[in-house]
Amino acid sequence: MVYDTIIVGGSYAGISAGLQLARARRQILIIDAGQRRNRFAYSSHGFLGQDGEHPGAIASKAREQLMAYPTVEWVTDTAIHAKAEQEGYAIVVGSGQSFAARRLILATGVKDELPALPGLTALWGKKVFHCPYCHGYELNGGMIGVLASSPLAIHQALMLPDWGPTTLFLNEAYTPDAAQLAQLARRGVTVEAEPVLSIGEDQADITLASGRIIRLAGLFIQPRTRLSSPLAVQLGCELEAGPTGEFIKVDAMRETNVPGVFACGDAAVAAGNVAIAVGDGARTGAAAHQSLIFR
Ligand SMILES: Cc1cc2nc3c(=O)[nH]c(=O)nc-3n(C[C@H](O)[C@H](O)[C@H](O)COP(=O)(O)OP(=O)(O)OC[C@H]3O[C@@H](n4cnc5c(N)ncnc54)[C@H](O)[C@@H]3O)c2cc1C
C-alpha cells in the first residue's frame with residue numbers, strides 16, 4: 001500500500017499534522033518511537049486549555065482522538081532510513097518493515113545535550129530546566145540559578161529575575177564583558193565565579209568547589225540540541241543554524257528543499273514549545289494535504 005502521507009514522529013507536532021490529513025479522509029501512517037522531548041517533566045505549561053497537565057496525558061488524549069479516524073494507522077518503532085522513490089518516499093523501520101507514501105512529514109523533534117554536572121541529569125525537567133516560560137512560574141519567586149555553558153547564559157540570566165532572585169554561575173564556561181556585567185547588575189543578578197562541583201539529589205542545591213552550598217528553587221541551563229533523527233540528512237534536506245543547534249529549513253508552507261518532504265515542530269523551528277509544535281503541525285498537515293491535490 002502507498003499511503004498519502006507518512007508522518008515520522010507521533011507527538012504534538014506529528015499528531016496535529018495527522019489530524020488535518022485524517023479529517024481530509026487521507027490514508028496516513030504515523031511512525032513513532034515514543035521519546036517525547038518533555039518526557040522528563042511532570043507537568044506542561046503554557047499550552048492553551050491544557051496548562052499544568054501531565055505532558056503524557058496531553059499526548060495520549062491527542063493520539064486517542066486521532067486514532068478514532070478510520071484512515072489512520074500507527075506503528076510504534078524507529079524510522080531508521082528514508083529514501084526518495086519514483087512517486088514518493090520509502091521509510092524503513094527498526095523491525096525491518098518498509099512503508100511507502102506520496103508525501104513525508106518529519107515531526108521528529110530534537111534531543112537535549114545536558115552539561116556534564118554530577119546529579120544534573122536526574123533533576124532534568126523536575127528542578128533543572130531550559131525554558132523560563134514553561135517552568136519559571138512554578139518556582140514561586142524562589143532563588144533561581146543559571147549554570148553557564150554558552151553565551152546564551154547571559155540571555156537567560158537577564159530574563160530570569162522576572163521569575164525570582166537570580167544567580168549566574170559562570171563555572172569557568174563563560175566570561176561576561178564589562179557591558180554585560182553592567183546589564184546583569186541593573187537586573188539585580190548575582191554573578192558567582194567559583195566553579196560548581198555538583199547539584200543536590202532531589203533539590204537544585206548547588207555545591208561550589210569550596211564546599212559552599214547555595215540553595216535554589218530551580219536551575220536553568222542552555223542545552224545544545226541535536227535533531228532526533230538522521231532522516232532529514234539522509235533525504236538531502238537543508239538545515240539551518242539556530243541558537244541551540246541545527247534545525248530543518250522549511251518554506252512558508254513548511255516544505256523542505258526536497259519536494260514532498262515537510263517538517264514541523266521542534267525539528268523545524270529555532271526554539272519550540274508545545275503550542276508552537278501543535279500550530280506548526282496543523283499548518284504542515286494542511287499544506288501536505290493540499291500538495292496532494294494541487295500538484
Ligand atoms: C524538560 C522539558 C520540559 C518542557 N516543558 C515544556 C512545557 O512546560 N511547555 C511547553 O510548551 N514545552 C515544554 N517543553 C518543550 C516541548 O517538549 C517541545 O517543544 C515539544 O515536545 C515539541 O514537540 P514535537 O512534536 O515537535 O517533538 P517531540 O515532542 O520531541 O516528539 C518527537 C517524536 O518523534 C519521535 N521520533 C524521533 N525520531 C524518530 C524516528 N526516527 N522514528 C520514529 N519516531 C521518531 C520521538 O520518539 C517523539 O515521540 C519542554 C521540554 C523539555 C526538555
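This is a predicted model: local features need pLDDT of at least 70, side-chain atom pairs count only at pLDDT 80 or more; totals for chains, interfaces and linings use all residues.
How far is an oxygen atom of the ligand from a polar backbone atom of Ala 13? The distance is 3.0 Å.

## The ligand and its surroundings

A polar side-chain atom of Ser 11 lies 2.7 Å from an oxygen atom of the ligand. A nitrogen atom of the ligand is 2.8 Å from a backbone N or O atom of Ala 79. Taken alone, the ligand exposes 1000 Å², and the protein buries 98% of that area.

There are 36 residues around the ligand, and those that come nearest are Ser 11, Asp 32, Gln 35, His 45 and Ala 79. Sorted by class, the shell has 19 polar, 11 nonpolar and six charged residues. At least two residues of the shell come from each of these elements: helix H1 (12-23), strand E2 (28-32), helix H4 (132-135) and helix H8 (274-294).

Strand E4 (residues 79-85) pairs with E5 in the antiparallel sense, over six bridges. The two strands form a hairpin, with two residues between them.

Strand E5 (residues 88-93) also runs antiparallel to strand E6 (residues 98-106), and four bridges join them. Within this pair, Ala 90 stands opposite Ala 100 in E6. The hairpin of E5 and E6 has four residues between the strands, and in it Gly 96 takes a positive phi near 100 degrees. Five of the six residues of E5 are buried, so this strand is largely enclosed by the rest of the structure.

## The five-stranded sheet

Five strands form an open sheet in the order E8-E15-E9-E10-E11, and their pairing is parallel. Which strands stand at the edges? They are strand E8 (128-129) and strand E11 (190-192); each has a single partner strand, so one side of each is left without a neighbour in the sheet. Further in, strand E9 (residues 144-147) runs parallel to E15, joined by three bridges. Ile 144 stands opposite Gly 218 in E15.

Gln 222 lies in the loop between strand E15 (218-220) and strand E16 (224-227). Is this residue buried or exposed? Gln 222 has a relative accessible area of 6%; it counts as buried because that value is under 20%.

The side chain of Gln 222 takes part in two polar pairs described here. It reaches the backbone oxygen of Leu 147 at 2.9 Å, and a polar contact of 3.0 Å joins it to the side chain of Gln 156. Leaving aside neighbours within four places in sequence, the residues in contact with Gln 222 include Val 146, Ala 148, Ser 149 and Leu 152.

Strand E13 (residues 206-208) pairs with E14 over two bridges, and Ile 206 has Ile 214 as its bridge partner in E14.

Asp 205 lies in the loop between E12 and E13. It is buried, with a relative accessible area of 15%. Its side chain and that of Arg 215 are joined by a polar contact of 2.9 Å. Beyond its neighbours within four places in sequence, Asp 205 is in contact with several residues, among them Ser 198, Gly 200, Ile 213 and Leu 216.

Asp 177 caps the N-terminal end of helix H6 (residues 178-186), with a side-chain oxygen 3.2 Å from the backbone nitrogen of Ala 179. After H6 comes Gly 188, whose phi is positive, near 75 degrees.

## Glu 238

Glu 238 is in the loop between helix H7 (231-235) and strand E17 (239-241). With a relative accessible area of 39%, Glu 238 is partly exposed. Glu 238 and Lys 249 are 11 residues apart in sequence, and their C-alpha atoms are 5.6 Å apart in space. Leaving aside neighbours within four places in sequence, Glu 238 is in contact with Ile 248, Lys 249 and Asn 257.

Notes
Residues are numbered from 1 along each chain as its sequence is written. Side-chain values use heavy atoms; hydrogens and water are left out. Buried means under 20% relative accessible area, exposed over 50%, partly exposed in between (1.4 Å probe, protein chains only). Contact means heavy atoms within 4.5 Å. Two strands pair if DSSP finds at least two bridges between them. A polar contact is a pair of N or O atoms within 3.5 Å; within protein, one must be able to donate a hydrogen and the other to accept it, and residues adjacent in sequence count only if both atoms are side-chain atoms. A residue is near a molecule or strand if one of its heavy atoms lies within 4 Å of it. Accessible areas come from the Shrake-Rupley method with a 1.4 Å probe; for residues, only the protein chains shown count as cover. Ala, Val, Leu, Ile, Met, Phe, Trp, Tyr, Cys and Pro count as nonpolar, Asp, Glu, Lys and Arg as charged, and the others, Gly among them, as polar.
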